Amino acid sequence: MRQLLQQLARGLVREPGRVRVHEHKTGERTLLELEVAPADRGRVIGRDGRTAQALRVLLGALARRRGEACALEILD
């Protein structure tokens with residue numbers, strides 16, 4: 001899931017080299033923290049948070065398919 005998120009985020013931003021994904025596992029839940037350049041934060045969040053929500057839906061579907069739970073947090 002980490003690699004998928006990293007590839008998706010790199011496709012959205014202007015500075016793909018500054019995309020970082022941190023993964024934290026707690027039991028059956030995985031927390032993915034997405035870090036991008038400050039100028040690219042709006043591109044990842046999208047208008048009214050639609051892009052961020054779409055990323056969460058994709059990651060959630062993949063996690064459910066694997067029998068896991070996943071959460072996405074976009075860091076400031």
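This note sets out points on the fold, the strand pairing and selected residues of the structure shown above.

1. Basis of the model. The model is predicted; local features need pLDDT of at least 70, side-chain atom pairs count only at pLDDT 80 or more, and totals for chains, interfaces and linings use all residues. Residues are numbered from 1 along each chain as its sequence is written, and side-chain values use heavy atoms, with hydrogens and water left out.

2. Overall architecture. The chain contains three helices and three strands. Helices (H or I, at least four residues) and strands (E, at least two) are DSSP runs, numbered from the N terminus. Followed along the sequence, these elements give the pattern α-β-β-α-α-β.

3. Dimensions. The chain has a radius of gyration of 12 Å, which agrees with the value near 11 Å that a compact globule of 76 residues would have. This radius is taken over C-alpha atoms, and the globule rule is 2.2 Å times the number of residues to the power 0.38. The C-alpha trace spans about 35 × 20 × 20 Å along its principal axes.

4. Surface and burial. The accessible surface of the chain is about 5000 Å², and 45% of this surface belongs to carbon and sulfur atoms. Accessible areas come from the Shrake-Rupley method with a 1.4 Å probe; for residues, only the protein chains shown count as cover. Of the 76 residues, 30% count as buried. Here buried means under 20% relative accessible area, exposed means over 50%, and partly exposed lies in between (1.4 Å probe, protein chains only).

5. Among contacts between residues at least 6 apart in sequence, 53% join residues at least 24 apart; a contact means heavy atoms within 4.5 Å.

6. The hairpin. Strand 1 (residues 20-26) pairs with strand 2 (residues 29-35) in the antiparallel sense, over seven bridges. Two strands pair if DSSP finds at least two bridges between them. Strands 1 and 2 form a hairpin with two residues between them, and Gly27 in the turn has a positive phi of about 65°. Within this pairing, Val21 stands opposite Leu34 of strand 2.

7. Arg20, in strand 1. Arg20 belongs to strand 1 and is partly exposed, because its relative accessible area is 42%. Leaving out residues up to four places away in sequence, Arg20 touches Glu33, Leu34 and Glu35. Arg20 and Leu34 are 14 residues apart along the chain, with 6.0 Å between their C-alpha atoms.

8. Thr30 lies in strand 2 and stands opposite Cys70 in strand 3. With a relative accessible area of 2%, Thr30 is buried. Beyond residues up to four places away in sequence, Thr30 touches Met1, Glu23, His24, Lys25, Glu68, Ala69, Cys70 and Ala71.

9. Ala52, in helix 3. Ala52 is located in helix 3 and counts as buried, because its relative accessible area is 4%. When neighbours within four places in sequence are set aside, Ala52 is in contact with Val44, Ile45, Leu72 and Ile74. The C-alpha atoms of Ala52 and Val21 are 14 Å apart, and the two residues are separated by 31 residues along the chain.

10. Arg64, in helix 3. Arg64 is found in helix 3 and is exposed, with a relative accessible area of 58%. Arg64 and Val19 are 45 residues apart in sequence, and their C-alpha atoms are 25 Å apart in space.

11. Asp48, in a loop. Which loop holds Asp48? Asp48 is found between helix 2 (41-45) and helix 3 (50-66). Its phi is near 60°, a positive value in a residue other than glycine. Asp48 counts as exposed because its relative accessibility is 70%.
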